[in-house]
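Have a look at the fold before reading on.

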Amino acid sequence: MLRHWIQTTALLCLLVCAPLQATEPLATRDQALIDAAVAAMPYGAGDAPALYVVGVAGDAAEDVFRNEVRFLTERVAPRLGADARALALVNHIDSLKGAGTPLATESNLQHALAALGAHMDRERDVLLLYLTMHGSPDHALGLALPDGSEDTITPDALRAALDASGIVNRVVVISACYSGGFVPALKDPDTLVLTAARPDRPSFGCGSESTITFFGHAWLLDGLNADRDFANAYRSAARAIKQRERKLGYERSGPQIAAGARIGETLSRWQATLPAEPPPAVYPYPIAP
């Protein structure tokens, strides 16, 4: 009887505790990966701002978000002078392979921002935070992990994580439906906010057959290849998206921009440090015409 009780108890522990044991090492792995990546980032030199880049791909079920973040951190960041100062948080099965890539969870994003805030010159340097994922009409960004679990990032939670990091100069770009709903919470004199849509409109280009979103194509690829000024790239992207949606008969997504009173001067000083125009960044995935 005692042996039966012990065996039953052991079986229950395996069933109940195994998921916790599997989750905790993954969270520990991710924080170690983030810490190692940030520690390896070169510091900015002189008085001019240095750029640090974080890309967040939210939905493991669609390659399109992973594609954009990989493109950002591996090919766009070097053109922007960030070089090794780039970090990817990616929900995708690929993130579990080999050495791994940190997953896009709210806690990992908080950890990454805190680590960057402790590493960079928080009052001089600039953070470019690019989030690409699904958004909901109630203004939450969806995080869908490879194991099927889900979470969200709300405007207030994102603002709180940024504020807790101590990073002053911020460029926050959100490629998601209804992402304009994040603007009120993120607005700040030292922040530039760019979104793919109005608070009450979807954006387009996600899905299992897509390799790049409309906004990712227009701003991240075409816009920044034409002009490394974030706001100028946004303006050309907004025009391109409007024309594309009109041609396809889609409801206008209405990309949004909110530029703080001080961020423009900071970004001008950063841009002055950029080398002569490098070759365009080539998107490493096929793009449907």
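Leaving aside neighbours within four places in sequence, which residues is phenylalanine 65 in contact with? They are Ala57, Gly58, Asp59, Thr132, Met133, His134, Cys206 and Thr213, where contact means heavy atoms within 4.5 Å.

A word on the ground rules. This is a predicted model, in which local features need pLDDT of at least 70 and side-chain atom pairs count only at pLDDT 80 or more, while totals for chains, interfaces and linings use all residues. Residues are numbered from 1 along each chain as its sequence is written, and side-chain values use heavy atoms, with hydrogens and water left out.

- Phenylalanine 65 sits in helix H2; helices (H or I, at least four residues) and strands (E, at least two) are DSSP runs, numbered from the N terminus.
- Phenylalanine 65 counts as buried because its relative accessibility is 1%; buried means under 20% relative accessible area, exposed over 50%, and partly exposed in between (1.4 Å probe, protein chains only).
- From phenylalanine 65 to alanine 39 is 26 residues in sequence and 26 Å in space, C-alpha to C-alpha.
- Serine 95 is in the loop between strand E2 (86-90) and H3, and it counts as buried, with 1% relative accessibility.
- Not counting residues up to four places away in sequence, serine 95 touches Arg29, Val90, Gly100, Thr101 and Leu103.

**Nonpolar cores**

- The largest nonpolar core has 37 residues; such a core is a set of buried Ala, Val, Leu, Ile, Met, Phe, Trp, Tyr and Cys residues joined through side-chain atoms within 4.5 Å.
- Val56, Leu109, Leu116, Leu129, Leu131, Leu158 and Ile174 have the most contacts inside this core.
- Helix H3 (residues 106-119) gives the most to this core, with 5 residues.
- Leucine 129 is in contact with Val54, Val56, Leu109, Leu158, Leu162, Val171, Val172 and Val173, if you skip its neighbours within four places in sequence.
- Another core, of 36 residues, lies apart from it, and includes Leu72, Phe215, Leu267 and Leu274.

**Helix packing**

- Two packed helices are described by the angle between their axes and the distance between the axes.
- H2 (residues 63-79) and H6 (residues 214-226) pack at an angle of about 15 degrees, with axes 11 Å apart; axes are lines fitted to C-alpha atoms, for helices over the stretch in contact, and angles run from 0 to 180 degrees between N-to-C directions.
- That makes H2 and H6 roughly parallel; angles under 35 degrees count as roughly parallel, over 145 as roughly antiparallel, 65 to 115 as roughly perpendicular and the rest as oblique.
- In the H2 and H6 contact, Glu68, Phe71, Leu72, Val76 and Arg79 come from H2, and Gly216, Leu220, Leu221, Leu224 and Asn225 from H6.
- By class, the contact of H2 with H6 has 6 nonpolar, 2 polar and 2 charged residues; Ala, Val, Leu, Ile, Met, Phe, Trp, Tyr, Cys and Pro count as nonpolar, Asp, Glu, Lys and Arg as charged, and the others, Gly among them, as polar.
- The axes of H6 and helix H7 (residues 230-248) come within 8 Å and cross at roughly 135 degrees, so H6 and H7 are oblique to each other.
- The contact of H6 with H7 has 12 nonpolar, 3 polar and 2 charged residues.
- H3 and helix H4 (residues 155-165) have axes that come within 8 Å and cross at roughly 25 degrees, so this pair is roughly parallel.
- On the H3 side, Glu106, Leu109, Gln110, Leu113, Ala114 and Gly117 meet Ala157, Leu158, Ala161, Leu162 and Ser165 in H4.

**Loop residues**

- Most residues other than glycine have a negative phi.
- Histidine 139 has a positive phi, near 65 degrees; it is in the loop between strand E3 (126-132) and strand E4 (141-144), and is partly exposed at 22% relative accessible area.
- Tyrosine 178 also has a positive phi, of about 60 degrees; it lies in the loop between strand E6 (169-175) and helix H5 (183-186), and is buried at 19%.
- Alanine 261, in the loop between strand E8 (256-259) and helix H8 (263-271), counts as exposed at 78% relative accessibility.
- The C-alpha atoms of alanine 261 and aspartate 190 are separated by 6.8 Å, though 71 residues apart along the chain.
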